[in-house]
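Here is a short briefing on one protein model. Keep the sequence and the 3D view open as you read.

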Amino acid sequence: MKKAGSTTNEGQSDAADALEFEYDLAEPPEKVWRALTVPELLAAWMMPNDMRPEIGNRFAFAGTGAPIECEILDAEPEKLLRYSWREQPGDAARQDPLDSTVTFTLARTVSGGTHLRVVHDGFARKAMPAIAMAGAGCRLSLGLRAIGKPIAANAPRLLRAA
């Protein structure tokens, strides 16, 4: 049985409001895994955190307004990392938390690098204005500054759904 917002066996998101990004990186999965799971390395490209990649571990990102509360849902070293993402609004008058799931899938490429797929389920419709920023931030964080690439692999579908 598949949970809502989960991924299929092929790694495709079944959520209509998922942001999906795919990158081919020169670095091997071991190095990419460390960038996703070692708190100091993750903080260098994302936010300060107290992550431990163990199923059931709760951790937080130090968000700009309020901490982003997370829980590790799945962790398979150098292959898969999935965690919940609960972002409380910094504005006390607006009680509309963002509950979503982030999944990183890593696969070794023929050249020894990593094919990285990032899916943020439960995010797109609620945060449509931030999609451009998120896409640009991901490209810059990963050193992928190519102009003309889509913001997300599923950007046309997202724009129709909004």
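Cys-70 touches Asn-57, Arg-58, Phe-59, Phe-61, Tyr-83, Ser-84 and Trp-85, leaving aside residues up to four places away in sequence. The model is predicted. Cys-70 sits in strand S3.

**Cys-70**
- Cys-70 has a relative accessibility of 3%. The cut-off for buried is under 20%, so Cys-70 counts as buried.
- Arg-58, one of the residues that Cys-70 touches, is 12 residues away from Cys-70 along the chain. Their C-alpha atoms are separated by 5.7 Å.

**Helix H1**
- Helix H1 spans residues 29-37. Its buried residues are Pro-29, Val-32, Trp-33, Leu-36 and Thr-37.
- These residues cover an arc of only 120° around the axis, so they lie on the same side of H1.

**Whole protein**
- The protein has 4 helices and 6 strands. Along the sequence they follow the pattern β-α-α-β-β-β-β-β-α-α.
- Of the 162 residues, 39% are buried.
- Take the contacts between residues at least 6 apart in sequence: 45% of them join residues at least 24 apart.
- The protein exposes about 9200 Å². Carbon and sulfur atoms supply 56% of that area.

Technical notes: Residues are numbered from 1 along each chain as its sequence is written. This is a predicted model: local features need pLDDT of at least 70, side-chain atom pairs count only at pLDDT 80 or more; totals for chains, interfaces and linings use all residues. Side-chain values use heavy atoms; hydrogens and water are left out. Buried means under 20% relative accessible area, exposed over 50%, partly exposed in between (1.4 Å probe, protein chains only). Helices (H or I, at least four residues) and strands (E, at least two) are DSSP runs, numbered from the N terminus. The arc is that of the directions from the helix axis to the C-beta atoms. Contact means heavy atoms within 4.5 Å. Accessible areas come from the Shrake-Rupley method with a 1.4 Å probe; for residues, only the protein chains shown count as cover.
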